[in-house]
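Here is a short briefing on one protein chain. Keep the structure in view while you read, and find each residue as it comes up.

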Amino acid sequence: MRIVRVQVGGGAVYGVLEGDTVKEIRGSIYGGYQVTDKTHRLADVELLVPCEPTKLLAMARNYQSHVRPAQTPTKPELFFKTVSALLPHEGTIVIPKEAGKADYEGELVAVIGKRAKNVSKEEALSYVLGYTCGNDVSVREWQDNDTQWW
């Protein structure tokens, strides 16, 4: 099932994407919901960021080609990103003039569907609502002097 969040009129709604049709969802995507008969053509709505997260956690050094051998992590290195870093489908990425060369990376994004703390490996996937793709943009020159990868 492909769940989407779209702009319809003056508000955002969740829906299920079937071909070029969005069927609206009633209820919470994080709990019980029902797919309704109310539909919209995909061409008539604006795709939004898939959800409204309260925080973003990113994984550092997850591409071996970006890690010098001496920097290879022995455990996962997480860092925060601001929610304002998210852009809707076909949103414009603004790169400051002084940034120099910017690299982009395709990323797998996991949407966590419920609160989690001290979750075991065996239980971990039951907390994932779904997956989407992301485009992470970085200026390596800036990262070299910043341990938080802002």
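V6 is buried, because its relative accessible area is 0% and buried means under 20%. The model is predicted.

**V6 and its surroundings**
- V6 sits in strand β1, which covers residues 3–8.
- Leaving out residues up to four places away in sequence, V6 touches G11, A12, V13, V22, V45, E46, L47 and L48.
- How far apart are V6 and L42 in sequence and in space? They are 36 residues apart in sequence, and their C-alpha atoms are 8.9 Å apart.

**The overall plan**
- The protein has two helices and nine strands.
- Starting at the N terminus, the order of elements is β-β-β-β-β-β-β-β-α-β-α.
- The protein has 150 residues, and 23% of them count as buried.
- Take the contacts between residues at least 6 apart in sequence: 47% of these join residues at least 24 apart.
- The protein exposes about 11400 Å², and carbon and sulfur atoms supply 53% of that area.

**Nonpolar cores**
- In soluble globular proteins, nonpolar side chains tend to be buried together.
- Which residues make up the largest nonpolar core? Its six residues are Y14, V16, I25, I29, C51 and V111.
- I29 is in contact with I3, Y14 and L129, setting aside its neighbours within four places in sequence.

**A strand pair**
- Strand β3 spans residues 21–27, and strand β4 spans residues 33–41.
- The two strands run antiparallel, and six bridges join them.
- β3 and β4 form a hairpin, with five residues between them.
- Look for R26: it stands opposite Q34 in β4.

**A nonpolar patch on the surface**
- Four residues form this patch: L57, M59, L78 and F80.
- Together they have about 430 Å² of accessible area.
- Which elements give two or more residues to the patch? They are β6 (56–59) and β7 (78–81).
- L57 is found in strand β6.
- Is L57 buried or exposed? L57 is exposed, because its relative accessible area is 52% and the cut-off for exposed is over 50%.

**To take away**

Technical notes
Residues numbered from 1 in each chain as written. Predicted model: local features only at pLDDT ≥ 70, side-chain atom pairs only at ≥ 80, totals over all residues. Heavy atoms only, no water. Core = buried A, V, L, I, M, F, W, Y, C linked by side-chain atoms within 4.5 Å. Buried < 20%, exposed > 50% of the residue type's maximum accessible area, 1.4 Å probe, protein only. Contact = heavy atoms within 4.5 Å. Pairing = 2+ DSSP bridges. Helix = DSSP H or I, 4+ residues; strand = E, 2+ residues; numbered from the N terminus. Patch = residues over 30% accessible without salt bridge, like charges linked within 9 Å, V, L, I, M, F, W, Y side chains within 5 Å. Areas by Shrake-Rupley, 256 points an atom, 1.4 Å probe, with all protein chains shown as cover. Salt bridge = Lys/Arg side-chain N within 4 Å of Asp/Glu carboxyl O.
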